[in-house]
Amino acid sequence: MVQSITIRRPDDMHLHLRDDAMLRTVLPFSARQFGRAIVMPNLKPPVTTVAAARAYRERILEALPAGSAFEPLMTCYLCDDTDPAEIRKGFEARVFTAVKLYPAGATTHSEYGVTGIDKVASVLDVMQELGMPLLIHGESTDPAIDVFDKETVFIERTLKPLLDRFPALRVVLEHITTEEAADLVDADTSGRLAATITPQHLLLNRNAMFTGGLRPHYYCLPVLKREQHRLALRRVATSGSPSFFLGTDSAPHERGAKEAACGCAGIFSAPTALEAYLTVFDEEHALDRFEAFASDNGRRFYGLPPNEGTVTLTRERNDAPRSVELGDGKSIETFMGGGELPWRLVDHSNA
Ligand code: NCD
Ligand code: ZN
């Protein structure tokens, strides 16, 4: 049995870092594992301008532990009234790496999101011309749709027409959760469509939210699905296809905001992310494909050079904490902390 694995330093292609005290608390967990991260713009207020993204990037860099070479890659939050000139300016100035599309009302802080693709067509035209990726939260916001069908309905009603209308637009379908999404991305031969997959959607099915009672710390969006979908995600993630890559969607919320009458969506996986993914590849007998998923497929899609340095993980009880302190008596529950995982990140060099 393999006891240790060393891979090129990976990237997290979907990460929520938040701001202020939360940022300072959660950032070191990502920075010790990943070389770069695609940073989500759903702050309050959202990151919608080049100036706001530059300022947020500065706050992230200031919050980094001394000596860390972690690089935050910034995204722009797409609104109905986003000016295409601002997108072009941000991309050309190397401030915006990508644009994030939240259907209005789909998830946490998505209230300023897009109400219809027609509204943003002129932005998408410019992005298509620039080769700038559009990152999509792929869920229907039609209140009549069953919560477990929101992704498949979005694919049929919105994503497929969008891909037809903008045939050269580069798209990442974020945090996919269904067999239908996995099949759609797998079937694409153009190389312009890709998907991120979270650790929780590879490790858990929707039963996890209801085991012995209501489990708010397993609630995220898109919500966990049935076993058939988890198996499909594991299949494509470990298949070696370059269209699927690591994006944790680590989304910290303070404990009280999750253990509430109307609890927030989001799972804080940053402290255990790499070990959680590795557990999946180990179980699937696909350790030889772990590096592609974690360190190569994503950065190739984004046209980024490989990271310097490596990370090493060994087969031993994971020592990540169950919960992380925020100060003022507040804390954040960690995904699969407290020894639940059989791999541990031991060494990281940044050559
Ligand atoms: C994210 C958050 O909390 O910002 N929540 C989540 O459940 N994934 C938003 C998102 O990515 O949908
Ligand atoms: Zn997210």
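Predicted model: local features only at pLDDT ≥ 70, side-chain atom pairs only at ≥ 80, totals over all residues.
Local features need pLDDT of at least 70 and side-chain atom pairs pLDDT 80 or more, while totals for chains, interfaces and linings use all residues. Residues are numbered from 1 along each chain as its sequence is written, and side-chain values use heavy atoms, with hydrogens and water left out.

**View 1. The annotated binding-site residues K100, H137 and H175.** The "binding site" label comes from an unreviewed UniProt entry; such annotations may be inferred rather than shown by experiment. The residues are spread over 76 residues of sequence but cluster in space, with a largest C-alpha distance of 12.7 Å. K100, H137 and H175 are included in the lining of the largest cavity (on a 1 Å grid over the protein atoms alone, a set of points where a 1.4 Å probe fits but cannot get out; lining residues have an atom within 4 Å of a point).

**View 2. K100 in strand β5.** The strand (a DSSP run of E, at least two residues) covers residues 96-101. K100 is buried, at 0% relative accessible area (buried means under 20%, 1.4 Å probe, protein chains only). Beyond four places in sequence, its contacts (heavy atoms within 4.5 Å) include H14, M40, Y77, H137 and E174.

**View 3. H175 in the loop between β7 and α6.** H175 is buried, with 2% relative accessibility. Among its contacts beyond four places in sequence are H14, E151, T198 and D249.

**View 4. The side chains of H175 and H137.** A polar contact of 3.3 Å joins them (N or O atoms within 3.5 Å, one able to donate a hydrogen and the other to accept it; residues adjacent in sequence count only if both atoms are side-chain atoms).

Notes. Chains lettered and ligands numbered in written order. 1 Å grid on protein atoms, 1.4 Å probe; cavity = no way out; pocket = protein on both sides within 12 Å on 5 of 7 lines; lining within 4 Å. Helix = DSSP H or I, 4+ residues; strand = E, 2+ residues; numbered from the N terminus. Buried < 20%, exposed > 50% of the residue type's maximum accessible area, 1.4 Å probe, protein only.
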